[in-house]
Amino acid sequence: MSREPILQPTADFVDDDRDLRPQRMQDMVGQREVYARLEIAVDAAEKRGDQLGHILFDGPPGLGKTTFATCIPRDLGVNFQIASGAALAAPKDVIPYLTNAEERSVLFIDEIHRLPKAVEEFLYPAMEDFRIDLTLGEGVNARTINMQLKPFTLIGATTRTGLLSAPLRDRFQMREHLDFYTIEELAEIVRRNAGKLRVEIETDAAVEIAGRSRSTPRLANNRLRWVRDYTQSKADGRITLGVARAALEMQEIDVKGLDRQDRKYLETIARVFGGGPVGVEAVAHTMNLTVDTLIDEVEPYLLRSELVVRTPRGRKMTAAALDHLGLGGTASPAAGEQQRSLFG
Ligand code: ADP
């Protein structure tokens with residue numbers, strides 16, 4: 001029944017996950033409350049023949065913000081354009097997207113917290129009244145003209161809602177927070193995606209991959225792709241529990257799903273800063289990473305799994321983290337035992 005929309009992804013958007021990304025909201029796993037609310041909004045907009053209200057998604061990377069944003073226009077049967085907040089440095093950069101936007105179409109701006117203030121302010125009348133104010137000429141000859149836009153839907157995604165200005169945040173009719181996934185949900189994603197990759201997988205192997213994926217679908221997909229490669233190269237092409245474990249162990253992904261970078265973060269706090277508390281900037285400098293990478297990509301899961309806590313004086317490791325690294329007990333386990341306890 002629905003029309004296939006013509007996609008207009010911009011040159012800077014390369015979907016490296018096309019083969020596994022769900023195409024419709026109903027194909028997405030988990031996030032049921034978010035899905036239920038969006039389904040109502042999409043359904044009502046379709047019935048009215050109106051544009052959908054603007055939507056803001058927030059949450060850590062890899063949890064489905066882009067997926068929701070690209071499924072919604074398909075469910076609505078409308079066109080969509082994709083832009084990145086980092087690439088929209090000035091109002092002139094955003095004008096083509098706004099003037100190209102067709103009636104009821106979707107403009108998705110990823111990393112919307114990176115828009116400079118001037119671009120944010122330029123968007124206010126576009127979001128509220130579907131109008132932009134263009135200044136022509138310079139100095140005393142400058143004049144402002146209003147340009148009417150087609151009613152469209154802006155979907156924004158951010159890993160850092162705190163960095164959005166309140167006026168921009170308030171112009172979104174719906175704000176949806178995406179949370180981490182359960183192991184059951186991730187196992188379901190792994191099982192379905194093994195099917196898409198045309199590889200056989202045993203149920204307990206799907207659960208094992210899910211358990212080592214830090215509650216994040218993007219990581220579950222990455223791990224699955226690696227396990228698939230490993231299986232096809234080293235085993236008989238069928239993903240069993242043993243093969244999944246061996247593959248993930250080779251990639252140094254441990255039983256808690258921590259990778260080398262996560263463990264390096266914990267080890268840095270333990271070794272260099274005596275377990276903390278330590279400011280995130282100091283950890284980032286020592287690891288030669290940006291503060292944003294630590295805050296957006298490394299810390300959310302470590303905080304959530306209570307391996308690190310935030311204190312007024314900085315980050316501090318918990319006893320669970322020391323145990324996990326094999327530094328917890330009175331007697332430090334031998335290297336081989338440490339290895340086994342981490343990788344299961
Ligand atoms: P974000 O935009 O939040 O960083 P994405 O939407 O790009 O994350 O999600 C990363 C990948 O994880 C997607 O390509 C998709 O394959 C998978 N994914 C995310 N959410 C879901 C979901 N709810 N169900 C199934 N797969 C999902």
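1. Helices (H or I, at least four residues) and strands (E, at least two) are DSSP runs, numbered from the N terminus. In total, 18 residues surround the ligand, and the closest are Asp-17, Val-29, Gly-62, Thr-66 and Thr-67; a residue is near a molecule or strand if one of its heavy atoms lies within 4 Å of it. By type, the shell divides into 9 nonpolar, 5 polar and 4 charged residues. Here Ala, Val, Leu, Ile, Met, Phe, Trp, Tyr, Cys and Pro count as nonpolar, Asp, Glu, Lys and Arg as charged, and the others, Gly among them, as polar.

2. Basis of the values. The model is predicted: local features need pLDDT of at least 70, side-chain atom pairs count only at pLDDT 80 or more, and totals for chains, interfaces and linings use all residues. Residues are numbered from 1 along each chain as its sequence is written, and side-chain values use heavy atoms, with hydrogens and water left out.

3. Arg-21. This residue is placed in the loop between strand S1 (7-9) and helix H1 (32-48). With a relative accessible area of 13%, Arg-21 is buried (buried means under 20% relative accessible area, exposed over 50%, partly exposed in between; 1.4 Å probe, protein chains only). The side chains of Arg-21 and Thr-67 are joined by a polar contact of 3.0 Å. Such a contact is a pair of N or O atoms within 3.5 Å; within protein, one must be able to donate a hydrogen and the other to accept it, and residues adjacent in sequence count only if both atoms are side-chain atoms.

4. Aromatic pairs. The whole structure holds 3 aromatic pairs. Rings of Phe, Tyr and Trp (its six-membered ring) pair if their centres lie within 6.5 Å; planes under 30 degrees apart count as stacked, over 60 as edge-to-face and the rest as tilted. The rings of Phe-57 and Phe-68 are stacked, because their centres are 5.4 Å apart and their planes meet at 15°. This pair links distant parts of the chain, with Phe-57 in strand S2 (residues 55-58) and Phe-68 in helix H2 (residues 65-76), 11 residues apart. Phe-57 is buried at 0% relative accessible area, and Phe-68 is buried at 1%.

5. A second pair. Phe-130 and Phe-152 form an edge-to-face pair, 5.6 Å centre to centre with 70° between the planes. Both Phe-130 and Phe-152 are buried.

6. Thr-318. This residue sits in the loop between strand S12 (314-317) and helix H13 (319-324), and counts as buried at 16% relative accessibility. The side chain of Thr-318 reaches the backbone oxygen of Glu-306 at 2.7 Å.

7. The chain overall. The protein chain has 14 helices and 12 strands. Of its 344 residues, 48% count as buried.
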